[in-house]
Amino acid sequence: MKVGFLVDEFETLFMCYQKDVMNFLLAFTKHPSLAEDLIQDTFLHAYLGFDRFRKECSPKSWLLQIAKNEFFSYLRRNKKNPELVTYDPFILEITDINQTSIEDKFYQQELIQSIMDYIFSLDEPSKTILIDRIWLGKSYKLISAELNISEASAKMIFSRSRKAIKTKFKEEFNCEE
């Protein structure tokens, strides 16, 4: 592949998905400066591995996977700073974690990572609908237009996927109903 073509193609990818990746990272970090650092790392790793991108998933899913990995790498490097663990409303809906102790904060970090890994392992369009709805805050109308499906289908897929996640992780992590 020619370097000029690679740069142009990557620049297009960056322009298309920069906002989604930033919103995704902001949803977890709640710190704009940290999200900016992580987005730089995300796109650096994406650029360095761009020639190996096999297009088995959408470019957006690929970039959000890299962003997720950057976020958890950051958390692992900063274990002595548990206030960086976010309290995502979707996660709190699944668990009844007492957020006061350090152990609970690390438990929630493990749970968040497990749920995110599970979501990223789902097939399309479930994966995209969950990510867009939960962490990017997109409307069903916008999601359905982007995926070329009906709004009712987007709602049904989201509802069924969310229910499956709640069931799986309430059992796996012994969370109270």
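**Salt bridges**

I started with the salt bridges and found six in the structure, a salt bridge being a side-chain nitrogen of Lys or Arg within 4 Å of a carboxyl oxygen of Asp or Glu. I note at once that this is a predicted model, in which local features need pLDDT of at least 70, side-chain atom pairs count only at pLDDT 80 or more, and totals for chains, interfaces and linings use all residues. Residues are numbered from 1 along each chain as its sequence is written, and side-chain values use heavy atoms, with hydrogens and water left out.

I looked up Lys138 and found its side chain in a salt bridge with that of Asp20, at 3.5 Å from N to O. This pair links distant parts of the chain, 118 residues apart: Lys138 lies in the loop between α6 (126–134) and α7 (140–147), and Asp20 lies in helix α1 (residues 3–29). Helices here are DSSP runs of H or I with at least four residues, strands are runs of E with at least two, and both are numbered from the N terminus.

Are Lys138 and Asp20 buried or exposed? Lys138 is buried, at 10% relative accessible area, and Asp20 is buried at 13%. The cut-offs are under 20% relative accessible area for buried, over 50% for exposed, and partly exposed in between, with a 1.4 Å probe and protein chains only.

I then checked Glu146, which also forms a salt bridge with Lys138, the closest N and O atoms being 3.2 Å apart. Glu146 is partly exposed, with a relative accessible area of 44%. Salt bridges with shared partners join Asp20, Lys60, Asp132, Lys138 and Glu146 into one network.

Another pair I looked up is Lys127 with Glu124, a salt bridge with its closest N and O atoms 3.9 Å apart. Lys127 counts as buried at 8% relative accessibility, whereas Glu124 is partly exposed at 38%.

**Chain overview**

I counted eight helices and zero strands in the protein chain. Of its 177 residues, 44% are buried. I also took the contacts between residues at least 6 apart in sequence, and 61% of them join residues at least 24 apart; contact means heavy atoms within 4.5 Å.

**Nonpolar core**

Which residues touch the most other members of the largest nonpolar core? They are Val21, Phe24, Leu25, Trp62, Met116, Ile131 and Trp135, out of 45 residues in that core. A nonpolar core is a set of buried Ala, Val, Leu, Ile, Met, Phe, Trp, Tyr and Cys residues joined through side-chain atoms within 4.5 Å. At least two residues of this core come from each of α1, α2 (32–48), α3, α5 (102–121), α6, α7 and α8. The largest share, nine residues, is from α3.

I followed Ile131 and set aside its neighbours within four places in sequence. Ile131 is then in contact with Phe24, Leu64, Ile119, Phe120 and Leu136.

**Helix α8 and its packing**

I looked at α8, residues 151–172, which has 22 residues and spans 31 Å from its first C-alpha to its last. This is close to the 32 Å expected at 1.5 Å a residue, the expected span being 1.5 Å times one less than the number of residues. Its buried residues are Ala154, Ile157, Phe158, Ser161, Ile165, Phe169 and Lys170.

Next I took α6 against α8: they pack at about 90 degrees with axes 9 Å apart. Axes are lines fitted to C-alpha atoms, for helices over the stretch in contact, and angles run from 0 to 180 degrees between N-to-C directions. The two helices are therefore roughly perpendicular; under 35 degrees counts as roughly parallel, over 145 as roughly antiparallel, 65 to 115 as roughly perpendicular and the rest as oblique. From α6 the contact uses Ser126, Ile129, Leu130, Arg133 and Ile134, and from α8 it uses Ala154, Ile157, Phe158, Ser161, Arg162 and Ile165.

I checked Ser161 separately and found it buried, with 11% relative accessible area. Apart from neighbours within four places in sequence, Ser161 is in contact with Ser126 and Leu130.

The axes of α7 and α8 come within 8 Å and cross at roughly 105 degrees. This pair, too, is roughly perpendicular. Tyr140, Lys141, Ile143 and Ser144 of α7 make the contact with Glu151, Ala154, Lys155 and Phe158 of α8.
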